[in-house]
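These are my notebook entries on a single structure. I looked up the core, the aromatic contacts, a metal site and some individual residues.

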Amino acid sequence: MGTFNVLKIQNICSICSIRSEIRIQFSFGDTWQFEYEIGDTIRWGGYDIGKPNLPKVKVYGILETEKCFNCNSPYIIDEFDILVQFDVIMEVQKMANFSDYLVNDGDYVELSP
Ligand SMILES: [Zn+2]
């Protein structure tokens, strides 16, 4: 993975139950380490990966934050599916199936709307 962006989400540590912000890297849209949150709209017009305005896309995300800042427990789940609809980041969840990403350099996959 070369250039990327970052999705910031709130996470509750499964060990110490402390809430913190964690960072997930992904490569979709103009990639220039832009920081996004759920509900934000992807930017285009630079180092673009993928195509704008696709109805439904699943984007590969990998955890940048390695461990809980409070208790130092390493995070077990480190790969995610980021759901993007018409360039809006809708939700993120634990990756369901890595083999879905055997296209588009592993960065994203178009889903049927
Ligand atoms: Zn913790």
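**Nonpolar core.** I looked up the largest nonpolar core and found that it has 21 residues. I took a core as a set of buried Ala, Val, Leu, Ile, Met, Phe, Trp, Tyr and Cys residues joined through side-chain atoms within 4.5 Å. Buried means under 20% relative accessible area, exposed over 50% and partly exposed in between, with a 1.4 Å probe and protein chains only. The residues with the most contacts inside this core are L7, F26, F28, V59, I82, V84 and I89. The elements β1 (5-12), β2, β6 and β7 (79-85) give two or more residues each to this core. Strands are DSSP runs of E of at least two residues, numbered from the N terminus.

**Basis of the entries.** I note that the model is predicted: local features need pLDDT of at least 70, side-chain atom pairs count only at pLDDT 80 or more, and totals for chains, interfaces and linings use all residues. Residues are numbered from 1 along each chain as its sequence is written, and side-chain values use heavy atoms, with hydrogens and water left out.

**V59.** I listed the contacts of V59, with contact meaning heavy atoms within 4.5 Å. Not counting residues up to four places away in sequence, V59 touches F26, F28, F80, D81, I82, V84, Y101, D107 and Y108.

**Aromatic pairs.** I found 6 aromatic pairs in the structure. Rings of Phe, Tyr and Trp (its six-membered ring) pair if their centres lie within 6.5 Å; planes under 30 degrees apart count as stacked, over 60 as edge-to-face and the rest as tilted. The pair of F28 and Y108 is tilted, because the ring centres are 5.2 Å apart and the planes stand at 55°. F28 lies in the loop between β2 (19-26) and β3 (29-30) and Y108 in strand β9 (residues 108-110), so this pair ties together parts that are 80 residues apart in sequence. F28 counts as buried at 1% relative accessibility, and Y108 counts as buried at 8%. The pair of Y60 and Y101 is edge-to-face, because the centres are 5.6 Å apart and the planes stand at 70°. Y60 lies in strand β6 (residues 57-63) and Y101 in the loop between β8 (88-94) and β9, so the pair ties together parts 41 residues apart in sequence. I also noted that F28, W44 and Y108 form one aromatic cluster.

**Zinc site.** Which protein atoms are donors of the zinc ion? They are C13 (SG), C16 (SG), C68 (SG) and C71 (SG), lying 2.3 Å from the ion. Donors are N, O and S atoms within 2.8 Å of the metal (3.2 Å for Na, K and Ca); water is not among the atoms, so sites may look incomplete. The site is tetrahedral, with angles of 107 to 113° among its 4 donor atoms; four donors count as tetrahedral if all angles lie between 85 and 135 degrees. Along the chain the donors follow the spacing C-x2-C-x51-C-x2-C. C68 counts as buried at 1% relative accessibility, whereas C71 counts as partly exposed at 29%.

**L83.** I placed L83 in strand β7 and recorded it as buried, with a relative accessible area of 16%. Leaving aside neighbours within four places in sequence, L83 is in contact with K56, V57, V88, I89, M90, E91 and L111. The C-alpha atoms of L83 and L111 are separated by 9.6 Å, at 28 residues apart along the chain.

Definitions and conventions:
Helices (H or I, at least four residues) and strands (E, at least two) are DSSP runs, numbered from the N terminus. Four donors count as tetrahedral if all angles lie between 85 and 135 degrees; four count as square planar and six as octahedral if opposite donors are over 155 degrees apart and all others between 65 and 115; anything else is irregular.
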